[in-house]
Amino acid sequence: MNKPHSIGFVSLGCPKALVDSEQILTQLRAEGYEISGSYQDADLVVVNTCGFIDSAVQESLDAIGEALAENGKVIVTGCLGAKGDIVQQTHPKVLAITGPHATNEVLQHVHTHLPKPHDPFVDLVPPQGVKLTPTHYAYLKISEGCNHRCTFCIIPSMRGDLVSRPIHEVLREAENLAKAGVKELLVISQDTSAYGVDVKYKTGFHNGRPVKTRMTELCQALGEMGIWVRLHYVYPYPHVDEVIPLMAEGKILPYLDIPFQHASQKVLKAMKRPANADNVLARIKKWREICPDLTIRSTFIVGFPGETEEDFQELLTFIEEAQLDRVGCFTYSPVEGATANALPDHVPEDVAEDRKARFMEVQARISAERLARKIGRTLPVLIDEVDEEGAIGRSQADAPEIDGLVYLNDPDIQVKVGDIVQVTITHADEHDLWGELA
């Protein structure tokens, strides 16, 4: 019997791109292809790219160049593929180029260059598919695309308008992941709050029960699976209020990732973002009254065209009052194709960088103060890593790779990856926690 063809895979970009990669890999394995961990052993390499900001574009182009140099046969997919001819012009020797969310097209290109093996052993593929994350957590993508037209963003031009996945498909995937031992599901999309808008929240069926294609009902169903459920990319629409009681009841994690982006009404209007700082502050206060353990993560952009020192001061006042737990800050990047590039009064780079530093200084203090309050408390912690020094995990307030960690410095600790253990917090800094088994 001939040895099956082997495919190398490079996955760049956000969790949504990672899910695309997982779907392609799952299908390749289902068809009998092997997945190679090195360029040398692969018959062909697929590179899933990111094209969101200039640095990501460069990283993607470099990765394609490296794959061409090391292997020679390369298929490109992902967001960079949707940005016109940039890949073709930079790397004319690639075999094929597709945009994001293009599993079938990628498979067709693979078949063209490496004919599909006969008699695929479908049962070699686990029901949850091939995952690129550790076995104890997984991303659950509920929709593709976005209906917003934020002036700094080009995602709708690459990924299109919102298309929600059928609710029975999402819940079946979640169930398969839970059965496979996944302890934490990270719900992702371009706009999680908008789930179901495109299909008018139509009713689907899961295990014989009717379920609406809507964020609240999705959270209720996921909350019955007995594992951690974490919400990302949540726009603060009014119905977000409906999931806070589910968090207070322990059905889903008390964690909201809401990209506020700014606090100045003028800047938000220029960004085409729906928000009002006073209204947001009032809602945060109400959410915390219902669910005192709620963790709020957000991202902000400073140095947006037209942002004055007064606008920036408004932003600093907002983060002081909002007391957000986890915050990321970016300076405005003029992404090719974004309508914000045409706005007047661009902020000089050095001014934007200075504002970012000042912003992060304020937020570091807020974060340190909020984490210090956890000293003495006992919290559930999901173990991510065990080494000779002890173990490293995350509390319910920490998403993988973007938030903080909980360190258990005990060489004799008896835990394994994927365990959820009770940890008494003994020390904190502005980002991480330290503790010992309760």
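## Terms and basis of the model

Axes are lines fitted to C-alpha atoms, for helices over the stretch in contact, and angles run from 0 to 180 degrees between N-to-C directions. Helices (H or I, at least four residues) and strands (E, at least two) are DSSP runs, numbered from the N terminus.

The model is predicted: local features need pLDDT of at least 70, side-chain atom pairs count only at pLDDT 80 or more, and totals for chains, interfaces and linings use all residues. Residues are numbered from 1 along each chain as its sequence is written, and side-chain values use heavy atoms, with hydrogens and water left out.

## The open parallel sheet

An open sheet is formed by 5 strands in the order E2-E1-E3-E4-E5, with parallel pairing; two strands pair if DSSP finds at least two bridges between them. Its edge strands, each pairing on one side only, are E2 (34-36) and E5 (96-97). Within the sheet, E1 (residues 6-11) and E3 pair in the parallel sense over 5 bridges. Val10 has Val47 of E3 as its bridge partner.

Two helices lie across this sheet. Helix H1 (residues 15-30) lies across E1, E2, E3 and strand E4 (74-78), and runs at about 175° to E1. Helix H2 lies across E1, E3 and E4, running at about 180° to E3.

## Annotated cysteines

An unreviewed UniProt entry carries the annotation "binding site" for Cys14, Cys50 and Cys79. UniProt positions are given in the numbering used here, feature names are shortened, and annotations may be inferred rather than shown by experiment. Cys50 is placed in the loop between strand E3 (44-49) and helix H2 (54-70).

## Helix packing

The axes of H1 and helix H4 (residues 103-113) come within 10 Å and cross at roughly 45°. H1 and H4 are therefore oblique to each other; angles under 35 degrees count as roughly parallel, over 145 as roughly antiparallel, 65 to 115 as roughly perpendicular and the rest as oblique. Their contact (heavy atoms within 4.5 Å) is made by Asp20, Gln23, Ile24, Gln27 and Leu28 of H1 and Thr103, Val106, Leu107 and Val110 of H4. By class, the contact of H1 with H4 has 5 nonpolar, 3 polar and 1 charged residues. Here Ala, Val, Leu, Ile, Met, Phe, Trp, Tyr, Cys and Pro count as nonpolar, Asp, Glu, Lys and Arg as charged, and the others, Gly among them, as polar.

Helix H6 (residues 167-179) and helix H7 (residues 215-222) have axes that come within 11 Å and cross at roughly 25°, so H6 and H7 are roughly parallel to each other. Ile167, Val170, Leu171 and Ala174 of H6 meet Leu218, Ala221 and Leu222 of H7. This contact of H6 with H7 has 7 nonpolar, no polar and no charged residues. Helix H11 (residues 309-322) packs with helix H12 (residues 349-372) at an angle of about 15°, their axes being 10 Å apart. H11 is therefore roughly parallel to H12. Among the residues making this contact are Phe312 and Leu316 of H11 and Arg355 and Phe359 of H12. The contact of H11 with H12 has 7 nonpolar, 2 polar and 5 charged residues.

## The TRAM domain and the barrel

UniProt lists residues 372-438 as "domain: TRAM", in an unreviewed entry. Over residues 372-438 the chain is 1% helix and 49% strand, and the end C-alpha atoms lie 18 Å apart.

The model also contains a closed barrel of 5 strands, which runs E16-E17-E18-E20-E19 with mixed pairing. From one strand to the next, the twist averages 50°. Strand E19 (residues 420-428) and strand E20 (residues 433-437) pair in the antiparallel sense over 5 bridges. Thr424 stands opposite Glu436 in E20.
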